[in-house]
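The structure comes up next, followed by the questions.

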Amino acid sequence: MSETNANILVMEGVSKAFPGVQALDNVDFTLRRGEIHCLVGENGAGKSTLIKVLTGVDQPDAGMIILDGNEIHSRSPQHAQTLGISTVYQEINLCPNLTVAENILLGREPRKWNGIDWVRMNAEAGEILKRVLDVDIDVTKLLGTYTVAIQQMVAIARALDITSAKILILDEPTSSLDEHEVQQLFKVMRKLREDGVGIIFITHFIGQVYEISDRITVLRNGLLIGTFDTSSLQRVELIAKMIGRSLDDLDEMSKIKLESSKHIRTEALLKADGLGRAGSISPFDLELHAGEVVGLAGLLGSGRTETANLLFGIDKPDTGSITYEGVEVTEYTPLASIKRGVALLPEDRKAEGVVDDLTVRENIVLAMQANNGWFNYLSVQEQYAIADKYIEILQIATPSPDQPVKNLSGGNQQKVILARWLATNPHLLILDEPTRGIDVGTKAEIQKLVLSLADEGKSCVFISSELEEVLRTSHRIIVLREREKVAEFSGEVDENTIIHAIAGSEA
Amino acid sequence: MRNHKKPSFTWRNIIESRLFFPLIALFLILLFDFIFVPGFFNIENRDGNLYGSLIDIFRNGSTVMLLAIGMTLVIATGGVDLSVGAVMAIAASVAGILMNPSALRNEVFFVTDPTYTFQPLWVVIGTALVVSIICGLWNGVLVAYMRIQPMVATLILMIAGRGIAQLITNGLRVQITYRPYAYIGQGWIILPFSLYLVAFVYALTWLLTRKTAIGMFIESVGINFRSSFFSGIDEKKIKLLVYTFCGLCAGIAGLVASSNIRTSDANNIGLTTELDAILAVVIGGGSMAGGRFSLLASMVGALVMQAITQSMYARGVPAFALQAIKALVVVFVILLFSEQVRGFIRGLSTKKKEV
């Protein structure tokens, strides 16, 4: 094998423009045989576009792609797959109403004379899952009955097994996995690396970048910033390259937090007494104060979102009560909550947040207009004024307020939803995973915004899977485990103490 | 504050506009008439009132236009209302029996007196419309609060509605001779009276949806009802509203239809018009999945449907062949909307440029 052959994939001078945006500008990228290569950058940096060009979803305006020594033009994801490029996307593209085995072997079912050989199919699927991912589950159950994490595993198993992949692209596969599952995935990735597969790994978790990758390529605003050996690039340097600015911001944040904690009011803004809902969250007590950020920590499925949904009136409690500004709440609906001054940034941006065919402007004014009612209509001029204001404040990258929100990148969509809630001028802002799937730069912006809102006298509930982020922003932290409130910490807390509380082990 | 100009009228904007394809379709049909039907565009002036085939398209299309207004909003929420034809029949029966209750005595009574009516006109119209609103409410409750799929929920009234209409008229066809009522469908003030009715309902709906937040909420619910719910929109109330309104539109259409034929015929009034109304919306570019809607485009869609019928009549196509030919034209128009076909056309034009 010659030296040049060490590169399984070479992309040279790739450019791609969309109306109003140069998504990729003359980007080079190389992937070696048997390496795990992280692709990092902020939202809108061009990571997704690079992957789309590689997998044939989009055609590049310029540049060439050489796979295994031959120039390729992938016409579609299916075509790319036959060339040996397999992709696992962040959103799971499987059928929840089919069994796990059917999903894995869809289109390639083992047959016998009178149709599908179900026995062999189930055995094969189970074998694949066991061999490739070391996951042992009942493959005859419907995919939809499993957690998102398991569904993700099934997607990976399918992608890996479908062809002898030369390249495996993992587009944020870990965003919904817990630590144990991430380790399982990493084990698989290491094994594939030994087999000589080139892996492109996209993630927003910097810790995972350092844990698994051999090299890192950084993109910013469609430009290539550089490719680096992971071992020779410090974390701080990496983040500085990604966001293109220094990290003084983070120091500034702890100062703001310290400063703002002085303004926390003693009387409760919202008080929950024995609030609970069967099958959702066990009864808990909770007090929220003006000027305070309360963090909810816990694993996926620990009841964080369920708590938020109860507080906002998405679900109705069957025990307990909420007292808001000293008055007992009687009506549990989102609209009633908005009228009280409560806002909820939902966890699932796509399903519960954006209304994707509406414009940025309409998305921003939606909750405010719902509060105003059917007939007290904000004139189009007023709507533009509000939209422009928040596009400016939150630095939402959009060509115009009339752009359908679906054309924006994930981070900017999240900012639009945030703008929707800020426009209602809430006293209590519940943020459920506000930084999920968002680049480092926007993350820091949102965290800072939360603190400055608290500083203005608002109360915030901050929910995140990233403990570090919860620690950084919260004045008080509540830990949930198995749909139950298990601990509460205020003041300076050690990260380990909370990890132990989350895990349920003795400190 | 930045200055937000309306988008300029570039060629691209025109092609992307929702009105473009329905208007092209309408234009092609009229072009066909211009070439093959002599006198199609002649407009006659009789005592200051205008008559002609073109006017007839509007006049005969008025029921479908009325239905399409309500249907547009229902489809925008991601639903569909199959019961509008039956609601037309119910409204017509209520109106008929209130003017000529002889059917209740189980006798077919031929009134010849054009001034005779059992109840005054406002009671007749008012009761018929209230009944159609109740029909719409029924659909709305089933869809919004009972969470029954719109097609199933409205299918109930589609089937039961005609039965109800027959019960009201005691299974008989009711003659309507009362002249003021006949004016709804047959009156003329330069243009047919029913057109003014359509214009009024259209303007009212436009104001209700575009000068209040209701239009935005309807679209929002149709695109993503869960996000809308999280944003504080009472999506159930919105759905209840559109189905109720659709019922009202159907009621008005029922009055126009029965006035036109001077009969309350529970079996035939509005038969299969629900499908015409749905097609009108679809030709107007409305997505059955819900979302963005354009009342104007639906109106053009309704006119396309009627223009096809009218042209076939004018060409002397036998009635039994009409439906088949109509279907062909509709398929053609809907193909124009398909992304596949549009992509193909775009591909052709870019290839030409490359050459």
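Q: What makes B:Arg162 count as buried?
A: B:Arg162 has 23 C-beta neighbours inside 10 Å. A residue is buried if 20 or more other C-beta atoms lie within 10 Å of its own, exposed if 12 or fewer, and partly exposed in between, with C-beta atoms placed from the backbone. So B:Arg162 counts as buried. A word on the source: this is a predicted model, where local features need pLDDT of at least 70, side-chain atom pairs count only at pLDDT 80 or more, and totals for chains, interfaces and linings use all residues. Residues are numbered from 1 along each chain as its sequence is written, while chains are lettered from A and ligands numbered from 1 in the order in which they are written.

Q: Where is B:Arg162, and which residues is B:Arg162 in contact with, leaving aside its neighbours within four places in sequence?
A: B:Arg162 sits in helix α6 (residues 150-168) of chain B; helices here are DSSP runs (H or I, at least four residues), numbered from the N terminus. Its contacts are B:Ala86, B:Ala89, B:Ala266 and B:Asn267, where contact requires C-beta atoms, placed from the backbone, within 7 Å. B:Ile90 is 72 residues away in sequence, yet the C-alpha atoms of B:Arg162 and B:Ile90 are 6.9 Å apart.

Q: Why is α4(B) called roughly antiparallel to α5(B)?
A: Helix α4 (residues 84-99) and helix α5 (residues 121-145) of chain B pack at about 150°, their axes 9 Å apart. Axes are lines fitted to C-alpha atoms, for helices over the stretch in contact, and angles run from 0 to 180 degrees between N-to-C directions. Angles under 35 degrees count as roughly parallel, over 145 as roughly antiparallel, 65 to 115 as roughly perpendicular and the rest as oblique. The pair α4(B) and α5(B) is therefore roughly antiparallel. The residues of this contact divide into 13 nonpolar, two polar and no charged; Ala, Val, Leu, Ile, Met, Phe, Trp, Tyr, Cys and Pro count as nonpolar, Asp, Glu, Lys and Arg as charged, and the others, Gly among them, as polar.

Q: What makes α3(B) oblique to α13(B)?
A: Helix α3 (residues 53-76) and helix α13 (residues 295-315) of chain B pack at an angle of about 140°, with axes 8 Å apart. That angle makes α3(B) oblique to α13(B). Their contact holds 12 nonpolar, eight polar and one charged residue.

Q: Why is α9(B) described as largely enclosed?
A: Because 10 of its 10 residues are buried, α9(B) is largely enclosed by the rest of the structure. These buried residues pack against α13 (360-372) of chain A together with α3, α8 (193-210), α10 and α11 (235-261) of chain B.

Q: How many residues of chain B are in contact with chain A?
A: 23 residues of chain B are in contact with 27 residues of chain A. The elements giving two or more residues to this side of chain B are α9 (214-223) and α10 (225-230). By class, that side has eight nonpolar, nine polar and six charged residues.

Definitions and conventions: Contact = placed C-beta atoms within 7 Å.
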